[in-house]
Amino acid sequence: MARTPKKQPTLLTKRLRLRPFRGSDLAAMHALYGDADNLRYWSVEASPNLANTRKSLRWHLAYRPRHYVMWAIEERAAREGDGRGVIGMINYHRRDLREKRVDVGWLMLPQHQGKGYAAEAGRALLRYLVDELGIHKVEALIAPDNKPSAALARRLGFRLEGGPIRDRWFVAGRWLSVNIYGLLAGEER
Ligand SMILES: CC(C)(COP(=O)(O)OP(=O)(O)OC[C@H]1O[C@@H](n2cnc3c(N)ncnc32)[C@H](O)[C@@H]1OP(=O)(O)O)[C@@H](O)C(=O)NCCC(=O)NCCS
């Protein structure tokens with residue numbers, strides 16, 4: 001029987017470390033969440049300023065495994081203080097305990113896209129969700145124009161299951177429709 005760990009675990013891959021965010025990650029978090037262009041297909045508006053990101057970071061520092069957990073992605077080769085630090089984030093959210101289902105989200109700094117890092121982090125997260133949390137179904141909501149995210153989902157083993165699901169997100173005063181991708185335990189690639 002799968003058990004939810006009491007503490008958020010760190011997940012290691014060949015090149016990456018997925019670890020909990022810390023209070024000292026404010027600048028890194030703002031680099032991720034303050035970039036409106038990189039977040040043009042995101043379900044929430046980019047953070048307008050550091051104060052806003054600080055609030056969000058504070059919220060994210062708590063471990064809420066029944067609902068939402070976010071990991072900071074770092075290169076394992078990077079040493080503390082060498083300026084590389086956090087290069088992305090990956091999360092699960094909207095966990096449904098009875099139906100053993102979660103949604104996932106992913107975000108990499110632009111200079112760390114196109115290296116296969118998001119796929120590597122995604123595989124580690126899927127392994128954790130299926131093996132440790134006993135998740136049966138993983139879903140990802142993706143804007144139809146977000147080709148890199150759809151390609152990543154397919155690379156990981158997700159299938160396009162439906163869409164456009166109309167007016168699913170409300171971002172910057174506009175309703176947006178999204179596609180839904182799904183992966184059943186055992187379909188990970
Ligand atoms: C979605 C997102 C995380 C995808 O990142 P990504 O870097 O394209 O995804 P991957 O890790 O799968 O990398 C794949 C690319 O790396 C290349 N690559 C380079 N070295 C590689 C390696 N060692 N292993 C695997 N792939 C490698 C692949 O060829 C592929 O290139 P291509 O895109 O030209 O085909 C990224 O576009 C992003 O952060 N977007 C902004 C936020 C966002 O929209 N998130 C999703 C919301 S639904």
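Residues are numbered from 1 along each chain as its sequence is written, and side-chain values use heavy atoms, with hydrogens and water left out. Because the model is predicted, local features need pLDDT of at least 70 and side-chain atom pairs count only at pLDDT 80 or more, while totals for chains, interfaces and linings use all residues.

**The ligand site**

The ligand sits in the largest pocket. A pocket is an open set of points on a 1 Å grid over the protein atoms alone, where a 1.4 Å probe fits, with protein on both sides within 12 Å along at least five of seven lines; a molecule sits in it if more than half of its atoms lie within 2 Å of its grid points.

Around the ligand there are 20 residues, a residue being near if one of its heavy atoms lies within 4 Å. Trp106, Met108, Gly114, Ala118 and Arg155 come nearest. This shell divides into eleven nonpolar, six polar and three charged residues, with Gly counted as polar and Asp, Glu, Lys and Arg as charged. At least two shell residues come from each of β5 (101–108), α3 (117–132), β6 (137–142) and α4 (147–156). The helix α4 gives the most, with four residues. Helices (H or I, at least four residues) and strands (E, at least two) are DSSP runs, numbered from the N terminus.

| Residue | Part of the residue | Distance to a ligand oxygen |
|---|---|---|
| Arg155 | side chain | 2.4 Å |
| Asn146 | side chain | 2.9 Å |
| Lys115 | backbone | 3.3 Å |

Taken alone, the ligand exposes 970 Å², and the protein buries 67% of that; areas come from the Shrake-Rupley method with a 1.4 Å probe.

**The sheet**

Eight strands form an open, mixed sheet in the order β1-β2-β3-β4-β5-β6-β8-β7. Two strands pair if DSSP finds at least two bridges between them. At the edges stand β1 (11–12) and β7 (159–171), each with a single partner strand, so one side of each has no neighbour in the sheet. Strand β7 runs antiparallel to β8 (residues 174–184), and seven bridges join them. Trp169 has Leu176 in β8 as its bridge partner.

**Asn38**

Asn38 lies in the loop between α1 (26–33) and α2 (50–61). Its side chain reaches the backbone oxygen of Met108 at 2.9 Å. The Asn38 side chain also makes a polar contact with the side chain of Gln113, at 3.0 Å. Within protein, one atom of such a pair must be able to donate a hydrogen and the other to accept it, and residues adjacent in sequence count only if both atoms are side-chain atoms.

Key: Polar contact = N/O pair within 3.5 Å; in protein donor to acceptor, adjacent residues only side chain to side chain. 1 Å grid on protein atoms, 1.4 Å probe; cavity = no way out; pocket = protein on both sides within 12 Å on 5 of 7 lines; lining within 4 Å.
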